[in-house]
There are 2 protein chains.
Amino acid sequence: MSPSTPQDPFQNWTVQARKGLLELWVLRALAASEWYGYDLVNSLISDGSLGITEGTLYPLLSRLRVQGLVSTRLVESSSGPARKYYHLTPAGKRQLSQMNQYWTQLNSMLETPHD
Amino acid sequence: MSPSTPQDPFQNWTVQARKGLLELWVLRALAASEWYGYDLVNSLISDGSLGITEGTLYPLLSRLRVQGLVSTRLVESSSGPARKYYHLTPAGKRQLSQMNQYWTQLNSMLETPHD
DNA sequence: TTCATTACCTTGTATAGCAAGGTACATGGT
DNA sequence: ACCATGTACCTTGCTATACAAGGTAATGAA
């Protein structure tokens, strides 16, 4: 397969900046309600279009399931293949809480002038 | 050398969450004044201690120099080896401006309830 | 000499985002 | 029957970053 086209330093940085952030975004979404993968993808694309695609989201969801942070159930659809709905487990809720805390710390570090 | 000890999912996530963020932090620091590497490290350690060490910072500074975002000058010190001071180039200032903008977008995505 | 402090750097590993593919079901058009 | 479109899932291989764990060298004090 082709490489991921690193291109210019700024584009490259945005890729790195998304790391971790998407996982936080997904867990927050699942904390609010049930979602299936394709719906999350479309929400991401419409929500400002920050460059996140299926190739990023589906592996992420698999990872979360393996780690026991989310669980799934299949629901048949009349407009295509079955949808896989994701929801938070208790462990997922605990981790989301930790992540929210750490994220606040990171942001406060950025806001400090440290001059 | 030993592996990076992945440990639990949360610790792993914090590593990912730092990616990109440290670069933004460094460029912001250099936008305010001149710094040398060791001083930045100590500032990071004292500033909340988020797990960032020399092994992360020095390669980052090298990268920024290769990309032309910062330039350096050596200054002799009376308390040890010479210090390498970093400051922003015009290209660095332009990229920092883009990064600040993108970072705002990412944060607004997180704050949107998207429910 | 020996030690701590200051100050720089390198090597190898793990991980996440990504591009570019693929598979399969339902529907409507030809 | 055939094909295109939309829906919905997944995998493979690449790249770049953070990190642990080392290393090197200069200064000054014991």
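Predicted model: local features only at pLDDT ≥ 70, side-chain atom pairs only at ≥ 80, totals over all residues.

Val70(A) stands opposite Leu88(A), a residue of β3(A).

- Three strands of chain A make up an open sheet with antiparallel pairing, in the order β1-β3-β2.
- The edges are taken by β1 (35-36) and β2 (70-77) of chain A; each has a single partner strand, so one side of each is left without a neighbour in the sheet.
- Seven bridges connect β2(A) with strand β3 (residues 80-88) of chain A in the antiparallel sense.
- Within this pair, Ser71(A) stands opposite His87(A) in β3(A).
- β2(A) and β3(A) form a hairpin, with two residues between them.
- Ser78(A) is located in the loop between β2 and β3 of chain A. Is Ser78(A) buried or exposed? Ser78(A) is exposed, because 4 other C-beta atoms lie within 10 Å, and a residue counts as exposed at 12 or fewer.
- A distance of 47 Å separates the C-alpha atoms of Ser78(A) and Ser108(A), which are 30 residues apart along the chain.

**Helix α5 of chain A**

- Helix α5 (residues 90-111) of chain A has 22 residues and, at 1.5 Å a residue, should span 32 Å; its end C-alpha atoms are 32 Å apart, in agreement with that expectation.
- Which residues of α5(A) are buried? They are Gly92(A), Gln95(A) and Met99(A).
- An α-helix has 3.6 residues a turn, so residues three or four places apart point the same way.
- The cover over the buried residues of α5(A) includes α2 (21-32), β2 and β3 of chain A, together with α1 of chain B.
- On the face of α5(A) turned away from the buried side are the exposed residues Pro90(A), Ser97(A), Gln101(A), Thr104(A), Gln105(A), Ser108(A) and Glu111(A).

**The sheet of chain B**

- Chain B has an open sheet of three strands in the order β1-β3-β2, paired in the antiparallel sense.
- β1 (35-36) and β2 (70-77) of chain B are at the edges, each with a single partner strand, and therefore one side of each is left without a neighbour in the sheet.
- β2(B) runs antiparallel to strand β3 (residues 80-88) of chain B, and seven bridges join the two.
- In this pairing, Val75(B) stands opposite Arg83(B) in β3(B).

**How the two chains meet**

- Contact between the chains involves 33 residues of chain B and 33 residues of chain A.
- On the side of chain B that touches chain A, α1 (9-18), α2 (21-32) and α5 (90-111) of chain B each supply at least two residues.
- The most is given by α5(B), with nine residues.
- By type, the residues on this side of chain B comprise 17 nonpolar, twelve polar and four charged.

**The relation between the copies**

- Chain B is superposed on chain A by a rotation of 180° with 0.0 Å of shift along the axis, at an RMSD of 0.0 Å.
- That is the relation of a two-fold axis.
- Among the residues of chain B, Lys19(B) comes closest to the rotation axis, its C-alpha lying at 3.3 Å.
- The same surface serves both copies, since 100% of the contact residues of chain B recur in chain A.

Definitions and conventions: Residues numbered from 1 in each chain as written. Chains lettered and ligands numbered in written order. Contact = placed C-beta atoms within 7 Å. Helix = DSSP H or I, 4+ residues; strand = E, 2+ residues; numbered from the N terminus. Nonpolar A, V, L, I, M, F, W, Y, C, P; charged D, E, K, R; others polar. Least-squares fit on C-alpha atoms with pLDDT ≥ 70 in both. Pairing = 2+ DSSP bridges. Expected span 1.5 Å × (residues − 1). Buried ≥ 20, exposed ≤ 12 C-beta atoms within 10 Å, placed from the backbone.
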